[in-house]
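Have the viewer open and follow along.

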Amino acid sequence: MKAVVKSAPIDGPAGTEVRDCPVPRPGPDEILIRVAAAAICGTDKHIYHWDPSIRDSVKPPRIYGHEFCGFIEEFGERAHREGFAAGDYVSAEMHVVCGECVQCRSGNGHICARTKIYGLHEDGAYAEFVKVPASNVIKLGPYVPLRVGALLDALGNAVHATQIADLAGKSVAITGFGPIGAMAAAIAEHSGASTVIVTDISDNALETARRWAASRNFANLHAFNVKTSDAAEVKKAINAITGGVGVDMVLEMSGSSAAINFGLDIVRMGGLLSLLGLPAGHSVTINDYTRNVIFKGVTLQGIIGRRMYSTWQRMLSLLRSGLDVEWVVQATFDSLQEFHEGMARFDRHEALKVVFFPEGEKAAQARLR
Ligand SMILES: [Zn+2]
Ligand SMILES: [Zn+2]
């Protein structure tokens, strides 16, 4: 089968090869899945460029890719799942947890200390076939288009970031309108948020946000460029939008110190910050910890992965009830052969999400039933 392999510990096309690999054999507790569609995640970009942040996790040669959907091809000897059959349309949670640590045994498997990620620590989904533990396979319905099935991992991050609060009637600020910020905006609108405020440093991203809101007839989007406008002015505008109290909830998607501090500045007293963006280094300086964290009595919640499996359940409910995120897929390719081109377009921010169909979109579509 064709697969995208991190072939050497170097940056760019020289370190990633699209090549023939043997089709994996499912272990006793694994299911082999024929990949219908796979998306590029920010993590894959770090693998492609061999950034320091992922060097400890990936040992070349490694097939990467962890956002995908496909069809059940074969079950391992013991890999029975009630109601699952060959040909079923599925995705999978690619964080594989130990099931034994304190976190796992208290319903918090998403923060398992021994998490292994397929597509980093084990072979992943940029291939015609991928094997995953049977317990991690998620059955999908016809309400999940293939292009969305390809990015459920990322959508799950956005759902996890928003599911810690009831968004109905709330003012929500999203700092960073990349793919996850964009999906978070869609979730906020779908969930009845009264106001969605988007900040970014790219006019392009803000334009995408405005076009999305217009397409939804959503009048309560306010988009601000926090690079070209004065922060104090933007804060004043947001204050006016929220009736002088500040926003109920901040979804921090950028990892930038400036954005984190801005979020703390605009959140209301007793508000909530859902923090998902990763800073370039490991540290962030909080400008006014006394006033903006302690005196404001805010709650800071770090978001990692997806809750297993309440985030998946919620995500599928949202999609079933009409949540539309297909528009974030802005480039598709009908083979893995064009992986380098797809990555280049993702790199240049020409597409919020890039999706590959290893056997072509039409052929994959024909397998849906
Ligand atoms: Zn990812
Ligand atoms: Zn564990």
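## Salt bridges

A salt bridge here is a side-chain nitrogen of Lys or Arg within 4 Å of a carboxyl oxygen of Asp or Glu. Before we count any, some housekeeping: this is a predicted model, so local features need pLDDT of at least 70 and side-chain atom pairs count only at pLDDT 80 or more, while totals for chains, interfaces and linings use all residues. Residues are numbered from 1 along each chain as its sequence is written, chains are lettered from A and ligands numbered from 1 in the order in which they are written, and side-chain values use heavy atoms, with hydrogens and water left out.

How many salt bridges does the structure hold? The count is 23. One of the pairs is R19 with E17, where the closest N and O atoms are 3.4 Å apart. For burial, the labels are: buried means under 20% relative accessible area, exposed means over 50%, and partly exposed is in between (1.4 Å probe, protein chains only). By that scheme R19 is partly exposed at 29%, and E17 is partly exposed too, with 37%.

## A pair across strands, and a network

E30 and K131 also form a salt bridge, with 3.6 Å between the closest N and O atoms. E30 sits in strand β3 (residues 30–39) and K131 in strand β9 (residues 129–133), so this pair ties together parts that are 101 residues apart in sequence. Helices (H or I, at least four residues) and strands (E, at least two) are DSSP runs, numbered from the N terminus. Is E30 buried or exposed? E30 counts as buried, at 14% relative accessibility, whereas K131 is partly exposed at 29%.

Further along, R367 pairs with E359 in a salt bridge whose closest N and O atoms are 2.6 Å apart. R367 is partly exposed with a relative accessible area of 33%, and E359 is partly exposed with 30%. There's a network to click through as well: K235, D265, D288 and R291 are linked by salt bridges.

## Two crossing helices

Two packed helices are described by the angle between their axes and the distance between the axes. Take helix α3 (residues 152–162) and helix α4 (residues 179–190): their axes come within 9 Å and cross at roughly 55°. The axes are lines fitted to C-alpha atoms, for helices over the stretch in contact, and angles run from 0 to 180 degrees between N-to-C directions.

That makes α3 and α4 oblique to each other; under 35 degrees would count as roughly parallel, over 145 as roughly antiparallel, 65 to 115 as roughly perpendicular, and the rest as oblique. The crossing of α3 past α4 is right-handed, meaning the near helix is turned clockwise from the far one by less than a right angle.

## A nonpolar surface patch

Y289, I294 and F295 form a nonpolar patch on the surface, with about 370 Å² of accessible area together. Patches take residues with over 30% relative accessible area and no salt bridge, joining like charges within 9 Å and nonpolar side chains (Val, Leu, Ile, Met, Phe, Trp, Tyr) within 5 Å. The areas come from the Shrake-Rupley method with a 1.4 Å probe, and for residues only the protein chains shown count as cover. I294 belongs to helix α8 (residues 289–295) and is partly exposed at 49% relative accessibility.

Most residues other than glycine have a negative phi, and most peptide bonds are trans. Where are cis bonds here? One joins P60 and P61, with omega about 0°, and P61 lies in the loop between α1 (42–48) and β4 (62–63). Another joins M308 and Y309, with omega about 5°; Y309 is in the loop between β16 (299–302) and α9 (310–320).

W50 is not a glycine, yet its phi is positive, about 50°. W50 is in the loop between α1 and β4 and is buried at 10% relative accessibility. N217 also has a positive phi, near 55°, in the loop between α5 (203–215) and β13 (221–225), but N217 is exposed, at 73%.
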